[in-house]
Amino acid sequence: MTDYISGKIEELTPTQVVIDNNGIGYRFEISLQTYALLEGKGSSRVYVQTQINTRDGSEVTYGFANKDERALFQLITSVSGMGAASARMVLSSLSADEFRQAVISENVNLIKSVKGIGLKTAQRLVLELKDKIVEGGGSDSSALFTVASNETVEEASTALVLLGFNKANVQKAIQQILKAKPDSSVEEIIKSALKML
């Protein structure tokens with residue numbers, strides 16, 4: 001199985017990327033998380049982690065901007081009833097850290113806010129993945145518990161959405177803020193996000 005591919009981006013949309021490797025274009029299905037990380041890379045060389053999934057006899061190749069997202073994708077698809085398309089939707093709606101925190105804190109409401117994920121599926125994800133995530137499954141991150149509490153992130157996110165900002169842009173901004181300063185308070189997150197949005 002192919003582990004990764006390197007090359008330059010020929011095409012990039014929010015759902016797909018085409019990587020040119022020695023004159024051959026390889027197409028991958030991607031999440032919005034990967035799209036955000038690849039956007040703006042232009043003609044520079046990129047590395048895309050790969051995962052092939054077989055469904056109804058046909059193969060679909062998924063691409064990820066890093067090993068962390070791919071590990072989480074594999075963990076999500078290990079849950080019964082969660083296919084590759086559902087896993088991609090989860091990773092497009094929530095950052096890897098947001099999803100892990102939601103599972104660890106059993107925040108079923110945040111998980112079921114993902115399109116196509118109902119209450120029972122959200123509960124199953126928490127039930128089947130909590131122990132694996134606590135043990136470091138689906139993660140290349142050593143700072144699993146150093147991010148701001150889920151309540152802090154949710155409160156800041158809600159406030160920014162109520163101010164009229166797009167939820168996807170808000171989540172992207174909060175993710176960047178928490179990468180720079182993981183223990184940010186609600187006020188710090190909101191102030192920083194207002195400068196970015």
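Visitor: Why is asparagine 22 called exposed?

Guide: In this predicted model, asparagine 22 has a relative accessibility of 77%, and exposed means over 50% relative accessible area, with buried under 20% and partly exposed in between, for a 1.4 Å probe and protein chains only, so asparagine 22 counts as exposed. Asparagine 22 is found in the loop between β2 (16-21) and β3 (24-29), strands being DSSP runs of E with at least two residues and helices runs of H or I with at least four, numbered from the N terminus. Although asparagine 22 is not a glycine, its phi is positive, at about 55°.

Visitor: Why are α2 and α3 called oblique to each other?

Guide: Their axes, which are lines fitted to C-alpha atoms over the stretch in contact, with angles from 0 to 180 degrees between N-to-C directions, come within 9 Å and cross at roughly 130°. Angles under 35 degrees count as roughly parallel, over 145 as roughly antiparallel, 65 to 115 as roughly perpendicular and the rest as oblique, so α2 and α3 are oblique.

Visitor: Which residues of α2 and α3 meet?

Guide: Glu69, Leu72, Phe73, Ile76 and Thr77 in α2 meet Ala84, Ala87, Arg88, Val90 and Leu91 in α3, where contact means heavy atoms within 4.5 Å.

Visitor: What makes a set of residues a nonpolar core?

Guide: The set consists of buried Ala, Val, Leu, Ile, Met, Phe, Trp, Tyr and Cys residues joined through side-chain atoms within 4.5 Å. The largest such core has 28 residues, of which Ile76, Phe99, Ile111, Ile117, Leu125 and Leu129 touch the most other members. Leaving aside neighbours within four places in sequence, isoleucine 111 is in contact with residues including Phe99, Ile117 and Leu125.

Visitor: On what basis are residues numbered and values computed, and which parts of the model count?

Guide: Residues are numbered from 1 along each chain as its sequence is written, and side-chain values use heavy atoms, leaving out hydrogens and water. Local features need pLDDT of at least 70 and side-chain atom pairs count only at pLDDT 80 or more, whereas totals for chains, interfaces and linings use all residues.
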